[in-house]
Every structure is written in structure tokens, then in C-alpha cells.
Amino acid sequence: MSTYSVGHSEREPGIGWKVFAVFAGFLIPFVIVIGAWLAVSAHNARDEARQAAASAKAASTNSSTTGMSTSAPTAAAGAGAVASPSFAGIAPANADAIAMRHAAFPAALPAAPTGPVAHVHLSIADRVVSVAPGIHYQAWTFGKTAPGPVIHVRQGQKVVVTLTNGGMMPHSVDFHAAQVAPNVDFSDVAPGGSKTFSFLASVPGVYMYHCGTAPAFMHIANGMYGAIIVEPKNMPPAQREYVLVSSEWYLNAPGDGKAASLDLTKAEQMTPDWVTFNGYAAQYKTHPLTAEPGQTVRFWVVDAGPSLNTEFHVVGTVLKRAWINADMVDAPQHDIQTAVVPAGGGGVFDVTIPKPGIYPFVSHSFASVALGEVGLLNVGNVAGTMSH
Ligand SMILES: [Cu+2]
């Protein structure tokens with residue numbers, strides 16, 4: 001028995017190894033087949049991911065170029081869309097000469113019409129505009145420029161707006177100064193069409209106007225905005241009055257050759273190539289605004305966005321009077337260093353500078369200065385310039 005027992009115990013491993021060998025004979029090929037299948041699946045998955053990324057990029061490129069001129073653009077660039085690289089600061093070799101030749105957007109506040117009614121004519125046109133020295137952009141404009149014309153009316157006037165659409169798609173105009181039913185008065189005008197509506201300029205301030213056609217984000221980013229000043233009845237006097245409209249530009253190409261158009265992904269990510277006062281980077285550095293020592297200079301500032309605020313600041317002085325949010329009914333605040341003008345909002349700021357010199361005005365969000373949101377106020381017609 002013991003032998004048997006021993007023998008039995010000695011024979012058991014032998015049988016086990018045979019069973020294992022037979023089992024392994026099936027198992028090992030099975031594992032190899034499964035492994036090969038997993039490897040092929042992973043390879044296919046990588047291919048599919050690459051194809052999806054390529055399609056997304058193609059869709060993004062399409063929406064940034066041809067999509068801009070279609071009649072049914074969408075608001076979002078699409079999942080996985082990739083922004084084009086930054087074109088910030090690109091300048092041709094003769095950029096300084098181009099900047100000198102460029103006629104600066106007139107910042108001086110135009111006169112308001114007299115009488116009880118102010119007639120405003122806005123013509124929409126697709127135009128190539130310059131946004132920086134030598135940099136061109138295919139814009140949608142009010143009145144052939146971006147920003148559109150400065151509109152100045154007086155509190156209590158009836159504003160009669162005639163909008164004519166010379167563009168390729170429906171557009172509209174939304175006045176932040178108006179209190180009207182937007183679905184009626186801010187409704188779309190078809191290409192070639194025209195409409196007239198009116199509102200009472202009852203609340204004073206400096207307001208944005210813009211195209212409100214969906215997606216308004218795209219229409220604003222393409223240049224369809226401007227400022228309307230509803231001047232209060234009793235404003236303290238100012239000897240110089242300037243209007244500044246800040247905005248961002250998001251380019252799908254450098255724009256130093258062929259005009260760039262909108263990179264919607266870049267706009268969604270709020271990574272502009274240029275940020276400007278009155279549509280052109282640093283134009284009032286080359287062509288400074290002017291004042292005499294001791295004069296009160298009033299800045300009517302609108303931030304058109306579409307997305308970034310302006311932190312308005314004048315270097316070398318304080319904002320003596322500041323109507324924050326363009327609230328012109330309550331008394332102004334005094335002696336402000338920097339005031340936020342929110343995207344879609346406005347502010348009115350008075351400075352009085354006794355000493356001759358060159359005083360930069362900026363958005364103190366300094367990335368915007370680097371991208372062009374800077375100008376100069378030359379007090380006393382002094383020589384030289386000033387970097388900031
Ligand atoms: Cu529009």
C-alpha cells in the first residue's frame with residue numbers, strides 16, 4: 001500500500017503534466033490569436049482617430065474660409081476644431097511707413113444734429129479693411145469701416161434708422177441705446193433690402209450698436225459694430241472729445257498678403273491676433289490724439305468685444321471724472337486709476353492734464369496692449385513718441 005501510495009503519489013504529477021501539456025496545446029495558440037486581434041484593433045482605432053482629427057481640421061478650415069461667405073453659418077467651430085497659429089505682431093518690413101500713410105479712424109466726436117429728430121443711415125458692405133500696418137481682413141461693415149460710423153444724438157431726440165444691406169447675407173442692427181422689441185426692430189434685412197425703424201434716445205450714455213443676426217458672435221467678430229452717443233442734457237464742458245471703440249480680431253491667416261478672414265475657433269478661445277482702438281492696431285501711436293495743457297479731454301469708450309473687456313487707463317494721470325458703465329444719470333465717480341469697460345458696454349472718462357507731454361491710453365489688461373490696444377494723447381504738441 002505504501003508503495004502504491006508512494007507510487008500513486010509519484011504517478012499523479014506525471015498525469016498532471018500530460019493534462020497540462022494537452023491543455024496548453026490549445027491555450028497557447030488561442031492566446032496568440034487573441035493578442036494578434038487586439039493589436040490589429042488598436043491599430044485600426046489609431047487610424048480612425050487620425051481620420052477623425054483630419055476631418056475636424058478640414059471642417060474648421062472650411063468654416064474659417066468659405067463658410068464665412070455662406071448664408072447659413074453656424075455659431076460653433078465644431079468639436080475638435082483646431083485654431084490656426086497666432087499671427088500676432090506680424091509686420092511687413094515697411095510697417096512704419098504704412099502706419100504713417102494709414103489715415104487714422106476719426107476719433108473726434110462728431111456734432112449731434114439739431115432738432116427733435118436724428119436721421120441715421122447705415123449701409124452694410126463687405127469690405128477688405130486694414131487692422132494693423134499691412135494686415136488685411138475681409139470684414140462685414142457698417143459704412144465701409146470697422147468700427148462703423150460714430151453716431152451722436154442728444155437725449156430726447158427721436159432716432160430714425162435706415163439700414164440698407166449691401167452685403168451677401170442677411171444682416172441687422174441692434175442699438176443698445178434703444179428700448180424696443182428686438183424681434184421687430186432688430187430683425188434681419190435680406191441682401192439688397194432696406195428697412196427703417198425708430199427709437200427714442202431717452203437714456204443718455206455711450207452705447208454699442210452691432211449686427212444682431214445669428215450668430216451675432218460671428219457678425220461682431222467680422223467687424224459689424226460701432227458707437228452711439230446719447231449726450232445728456234447737462235454735461236460738464238470738455239474741450240476735446242474722443243470716441244474709442246475697442247475690439248478684437250481673430251485671423252485665419254497672417255493677412256499680410258491675401259486678406260484674412262475669421263478663425264472661429266480662435267474667437268471661441270478668445271485668443272485674438274490683434275486688439276484695437278477704432279479698428280487698427282496702435283493707430284493713435286502713429287497719429288496721436290491731441291489736447292492743450294489744462295483742457296478737459298473726454299473719452300467716450302465702447303467695448304465691442306466680441307469677448308474681451310477693456311481696462312481703460314491713461315498713463316500719467318487719473319480719470320478725474322468717470323461715468324462707469326456710462327451711467328450718465330447719477331453723478332460721476334472721481335479720481336479713478338483704471339475703469340473696466342465690459343464687452344458690450346461703455347464708459348465716459350474725463351482727464352485734465354496740466355503738463356505738456358505724451359500720455360498713453362491703454363487697456364491695462366496688458367496682453368491687449370501687446371496686441372495693439374494702445375494710443376497716445378499728445379498734450380501741448382510736444383515732440384517725440386512714447387512706448388508702452
Ligand atoms: Cu451681420
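This is a predicted model: local features need pLDDT of at least 70, side-chain atom pairs count only at pLDDT 80 or more; totals for chains, interfaces and linings use all residues.
Colleague: What makes two rings of Phe, Tyr or Trp pair?

Modeller: Rings of Phe, Tyr and Trp (its six-membered ring) pair if their centres lie within 6.5 Å; planes under 30 degrees apart count as stacked, over 60 as edge-to-face, and the rest as tilted. Here, ring pairs join Tyr242, Phe277, Tyr284, Phe299, Phe312, Phe349 and Phe361 into a cluster. The whole structure holds 12 aromatic pairs. One of them is Phe277 with Phe361, tilted at 50° between the planes and 5.6 Å centre to centre.

Colleague: Which strands hold Phe277 and Phe361?

Modeller: Strands (E, at least two residues) are DSSP runs, numbered from the N terminus. Phe277 sits in strand E10 (residues 274-277) and Phe361 in strand E18 (residues 357-363), so the pair ties together parts 84 residues apart in sequence.

Colleague: Is Phe277 buried or exposed?

Modeller: Buried means under 20% relative accessible area, exposed over 50%, partly exposed in between (1.4 Å probe, protein chains only). Phe277 is buried at 1%. Phe361 is buried too, at 0%.

Colleague: Which residues have the most contacts inside the largest nonpolar core?

Modeller: A nonpolar core is a set of buried Ala, Val, Leu, Ile, Met, Phe, Trp, Tyr and Cys residues joined through side-chain atoms within 4.5 Å. The largest has 91 residues, and Phe175, Ile228, Phe299, Phe312, Phe361 and Leu377 have the most contacts inside it. Strand E1 (residues 117-132) gives the largest share, 7 residues. Leaving aside neighbours within four places in sequence, Phe175 touches residues including Leu122, Phe197, Met208 and Ile228.

Colleague: Which protein atoms are donors of the copper ion?

Modeller: Donors are N, O and S atoms within 2.8 Å of the metal (3.2 Å for Na, K and Ca); water is not among the atoms, so sites may look incomplete. Here they are His171 (ND1), Cys211 (SG), His219 (ND1) and Met224 (SD), 2.0 to 2.7 Å from the copper ion. Their spacing along the chain is H-x39-C-x7-H-x4-M. His219 is buried at 1%, and Met224 at 0%.

Definitions and conventions
Residues are numbered from 1 along each chain as its sequence is written. Side-chain values use heavy atoms; hydrogens and water are left out. Helices (H or I, at least four residues) and strands (E, at least two) are DSSP runs, numbered from the N terminus. Contact means heavy atoms within 4.5 Å.
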